[in-house]
Amino acid sequence: MQTRPLGTIGPQVSALGLGCMGMSALYGEADRAESIATIHAALEAGVTLLDTGDFYAMGHNEMLIGEALRAAPAALREQALTSVKFGALRDPDGGWSGYDGRPAAVRNFAAYSLQRLGVDHIDVYRIARLDPNVPIEETVGAIAELVEKGHVRHIGLSEVGADTIRRAAATAPICDLQIEYSLISRGIEDEVLPTTRELGIGITAYGVLSRGLISGHFTADRQLAPTDFRSMSPRFQGENLQHNLSLVEALRKIAEQKGVSVAQIAIAWVLSRGEDIVPLVGARTRERLTEALGALDVTLDDADLAAIEQAVPADAAAGDRYPAAQMSHLGTDR
């Protein structure tokens, strides 16, 4: 397994990370035994970065990872690096009610995450979205105190704009920024990516297959459960979906010419964007994990990249990444 630096001050991590959210929430039912087997298979393949959030199914995802780590061989358990997002406020009915970035809340969230994961430290800790009522300096400063005490190793950011990145980096060393980046979600290229590169901050790219939309496996007639995030996502609705799937078919022709899958070429494209970018793959099964790992063997030359750009130009996607209410929480500069 190849490795990449997670920012100039961060650790070396596997070239692909495993995003575990879908094993607990938002994308329909998942099989617990298969989820744990997939985490074990990822560790055995050399994947070191496991990403979660304390609010994924209200702690379920952290407990799942904790169970998987306890059952893994010691050598594999020791190589695992945990990346945790915090701050989202939930209610017993599964609703969302904002974000809490107050220093006292940061310490509280961390205490529960350490217990659920069954670890003595979190490798990368970040607030999932900015709390509009708390300056980023206060939130990052609280994480820095956890670093000093040994509860956290590195400070990360998530879904913030260039100004916030600079303010956070002026407060404490920032390891990486987690943000959506894929062939059809390229907004970071204008300001965010140049800023992180100037400051030596890595990118952990989630949504590299746009929640399965550009995986090559999603079809227009697929029935989604009401609890599936995609049933509310603008990119999966009506004419938007039809347009976006036409982009996938254009990409499929290029993938077939190279003898690889659509998912593999989409992941390989993200990998090609720079050594400072670590794609997170949201595989929920060993089959999908194996497919994703195959992207590491895909080499894209200049002709391939030009063909991909022609098939899926920047800003070609129809529909926003999130419903309007959630879009307001993205990239907020405070």
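Which residues of helix α10 (residues 286-293) are buried? They are L289, E291, A292 and L293, where buried means under 20% relative accessible area, exposed over 50% and partly exposed in between, with a 1.4 Å probe and protein chains only. These buried residues of α10 pack against α1 (32-44), α9 and β12 (277-281).

A word on what you are looking at. This is a predicted model, in which local features need pLDDT of at least 70, side-chain atom pairs count only at pLDDT 80 or more, and totals for chains, interfaces and linings use all residues. Residues are numbered from 1 along each chain as its sequence is written, and side-chain values use heavy atoms, leaving out hydrogens and water.

**The chain as a whole**

The chain holds 12 helices and 12 strands; helices (H or I, at least four residues) and strands (E, at least two) are DSSP runs, numbered from the N terminus. A compact globule of 334 residues would have a radius of gyration near 20 Å, and the chain agrees with its 19 Å. That radius is taken over C-alpha atoms, and the globule rule is 2.2 Å times the number of residues to the power 0.38. Here are some values for the chain:

| Property of the chain | Value |
|---|---|
| Span of the C-alpha trace along its principal axes | about 55 × 45 × 40 Å |
| Share of the 334 residues that count as buried | 56% |

Contact means heavy atoms within 4.5 Å. Among contacts between residues at least 6 apart in sequence, 75% join residues at least 24 apart.

**The cores**

A nonpolar core is a set of buried Ala, Val, Leu, Ile, Met, Phe, Trp, Tyr and Cys residues joined through side-chain atoms within 4.5 Å. The largest one has 91 residues, and L18, I39, Y125, L157 and L177 have the most contacts inside it. Helix α9 (residues 262-271) gives the most to this core, with 8 residues. Another core, of 11 residues, lies apart from it and includes V13, L81, C175 and L280.

Let us stay with L177 for a moment. Leaving aside neighbours within four places in sequence, L177 is in contact with residues including R126, L157, V160, I165, V192 and I203.

**A loop residue**

Finally, visit R222, in the loop between β11 (202-206) and α8 (238-258). R222 counts as partly exposed because its relative accessibility is 38%. The C-alpha atoms of R222 and L157 are separated by 34 Å, and the two residues are 65 apart along the chain.
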